[in-house]
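Hi everyone, thanks for making time for this one.

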Amino acid sequence: MIVAERKPMAEIIEMVKDCSRVLVLACRGCVTVCSAGGEREAAALASLIRLGMKKQGKTIQIIEGSLVRQCDKEYIDAIDAWNGQYDAIVSTACGVGVNFIANLRKDTMVYPALNTSFFGGSAEQGVWTEQCAGCGNCVLHLTGGLCPVARCAKSLMNGPCGGSVGGRCEINKNTECIWQSIHDRLGSFDRQSQMETIAPIRDWSTAGHGGPRKTVRTDLTIS
Amino acid sequence: MSFEPKITLFSCHYASQQSCAEKGKELQQLGFPATITLVRVPCTGKVQVTTLLQAFEDGADGVYVVGCPVDGCHNIKGSVRAAKRVAAVKKALEELDVESGRIEMFHLPRGLHPEFVAAGVAMDKKIRALGPSPFQS
């Protein structure tokens, strides 16, 4: 899922300081699962915005709404139910959702309530960790299913580096050295010799360094 | 002009049993501050962040939660969850540049005991010192 966390309230209050009516729009997709931007978090945010504005001697009317997702045109269309009732939308979706609203509603001001962090999973209740960098050229078949792009601090393709000590990363001792884990995991399948194959210099153009990416499935397109 | 605070207390019915004694009069007789409005909940684990924020929106100058002891919650983890939510609201208040001491968590034993009154007296004293809520328009 896409993992995100709420922006500092001072930043959000600054965004809406000139608004008198705001639609706080939750997303029932990934950000609900990572407890950053679902209906519950949006309700808390609405309360905090009202309190923050009140502290500044202002009043603000907030409508709370939610969409199934904010990353599909069909769901964005549901925003029309609140037409004329707000000056701006504060979206608790990930950055994709904010972009989609901006793309599809030319006359609507939309603000992000979250900082979109990474693609990750739930390590334990209340803890999420990065697992994938969305680099567009997966090497997991070579690394025992563990991603060196997302989980090595240096995104090394031929690890580990010299800073790996006791299975921990030199950048952060609380982080596992993923290359040590790749070695151990490949070893458990008697495949550690795979690591002796030198990976070629990587073409990062699929990772966004070649500009915004796009996927087209012509078997699915209508036009 | 003297300031009479409005304080909202969320307490589980185990920790707040004393509020039922003597037809509800015993707390008053023991000096429980009249500035405190008690909201009894089945378990403080039921109290959400939004519940606590709503109390401030409704005009509370201070809010506190009284739940079971950390290692003795009737519902195992309810009061621990409540404490984490109180901590989350403290952090949010700080983000709004408001004193985090306006909300507190207490873990108290069930039954009739002086600590329940003492916690109320302590909150009343603290909120009086902090003054009116900055959220009053």
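**The interface, then the backbone**

Let's begin with polar contacts: between chain B and chain A, five residue pairs are in polar contact, with both partners at pLDDT 80 or more. Please keep in mind as we go that this is a predicted model.

Which helices of chain B each supply at least two residues to the side that touches chain A? They are helix 3, residues 49–57, and helix 4, residues 78–95. Helix 3 of chain B gives the most to that side, with six residues.

Now for the contact as a whole. Chain B brings 16 residues to it, and chain A brings 17. The area buried between the two chains is about 1400 Å², and carbon and sulfur atoms give 60% of that. On the chain B side, the residues that lose the most area to chain A are Glu57(B), Glu95(B) and Leu96(B), which together make up 41% of what that side buries.

How many salt bridges cross the interface of chain B and chain A? The rule finds two. One I'd like you to find on the screen pairs Glu95(B) with Arg6(A), where the closest N and O atoms are 3.0 Å apart.

As a reminder, most residues other than glycine have a negative phi, and most peptide bonds are trans. With that in mind, have a look at Gly159(A) and Pro160(A): the peptide bond joining them is cis, with omega about 0 degrees. Pro160(A) sits in the loop between helix 6 (148–151) and helix 7 (178–188) of chain A.

Staying in chain A, go to the segment after helix 7, where you will find Asp190(A). Its phi is near 55 degrees, a positive value in a residue that is not glycine. Is Asp190(A) buried or exposed? Exposed, with a relative accessible area of 63%.

Over in chain B, Ile76(B) also isn't a glycine, and its phi is positive at about 70 degrees. You'll find Ile76(B) in the loop between strand 3 (62–67) and helix 4 of chain B. Ile76(B) counts as exposed, at 63% relative accessibility.

Notes: Residues are numbered from 1 along each chain as its sequence is written. Chains are lettered from A and ligands numbered from 1 in the order in which they are written. This is a predicted model: local features need pLDDT of at least 70, side-chain atom pairs count only at pLDDT 80 or more; totals for chains, interfaces and linings use all residues. Side-chain values use heavy atoms; hydrogens and water are left out. Contact means heavy atoms within 4.5 Å. Buried area is the accessible area (1.4 Å probe) that two parts lose on being put together, summed over both. A salt bridge is a side-chain nitrogen of Lys or Arg within 4 Å of a carboxyl oxygen of Asp or Glu. A polar contact is a pair of N or O atoms within 3.5 Å; within protein, one must be able to donate a hydrogen and the other to accept it, and residues adjacent in sequence count only if both atoms are side-chain atoms. Helices (H or I, at least four residues) and strands (E, at least two) are DSSP runs, numbered from the N terminus. Buried means under 20% relative accessible area, exposed over 50%, partly exposed in between (1.4 Å probe, protein chains only).
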